[in-house]
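Hi,

Here is the structure I promised to pass on.

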Amino acid sequence: MAIREVLKMGDPRLLEVAAPVSTFGSAELSALLTDLWDTMRALDGAGLAAPQIGVGLRVVVFEVEHNPRYPEAESVPPTVLINPVLTPIGTLQEEGWEGCLSVPGMRGLVPRYLNLRYTGFDAHGRPIDRSVTGFHARVVQHETDHLDGILYPRRIRDLTRFGFSDALFPGGA
Ligand code: NI
């Protein structure tokens, strides 16, 4: 187990499309998941995608309990999601503030589908099928974007709503 270096925006590895996982239950996958959890929790992230630590596989983890970086967010159970497939439910989108461990110190207002079904697999290859809403749906969309080489600033519609957290939210948030 280890806290890994998180790649920052500008690193070309963050722009690559990650490859699907074909073997479940391996020692390598288990070690990757441990490193993702350790790194995410050490940095108070809500989620982390394998490409952010330089591993080009379609693997993400996310969890929101009480997160000081997202004090208002509803909780999301700790989830390992492998080879995710996202299907929006309806067309309604909502703007919300996002940050990213690969874009440290910044926040942006990003539109995401409000209601979402996602499928994929857990660490053991068991299927996952959930329909979610709100912040949970937002986190899954943000993390899955990483697997396609997309960082959230590319989703921002109004770049006046992108900046440094301490300047956008003086006094915290
Ligand atoms: Ni991110």
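Let me start with two residues: C100 is buried, and H142 is buried as well (buried means under 20% relative accessible area, exposed over 50%, partly exposed in between, with a 1.4 Å probe and protein chains only). Please keep in mind that this is a predicted model, where local features need pLDDT of at least 70, side-chain atom pairs count only at pLDDT 80 or more, and totals for chains, interfaces and linings use all residues. Residues are numbered from 1 along each chain as its sequence is written, and side-chain values use heavy atoms, leaving out hydrogens and water.

Now to the metal. SG of C100, NE2 of H142 and NE2 of H146 coordinate the nickel ion at 2.1 to 2.3 Å. Donors here are N, O and S atoms within 2.8 Å of the metal (3.2 Å for Na, K and Ca); water is not among the atoms, so sites may look incomplete. Along the chain, the donors are spaced as C-x41-H-x3-H. C100 sits in the loop between β4 (93–98) and β5 (106–113), while H142 is in helix α2 (residues 134–147), so this pair ties together parts that are 42 residues apart in sequence.

As for the fold, the chain has three helices and eight strands, in the order α-β-β-β-β-β-β-β-α-β-α. These are DSSP runs numbered from the N terminus: helices are H or I with at least four residues, strands E with at least two. Of the 173 residues in the chain, 49% are buried. Along the principal axes, the C-alpha atoms fill a box of roughly 45 × 35 × 30 Å.

Best wishes
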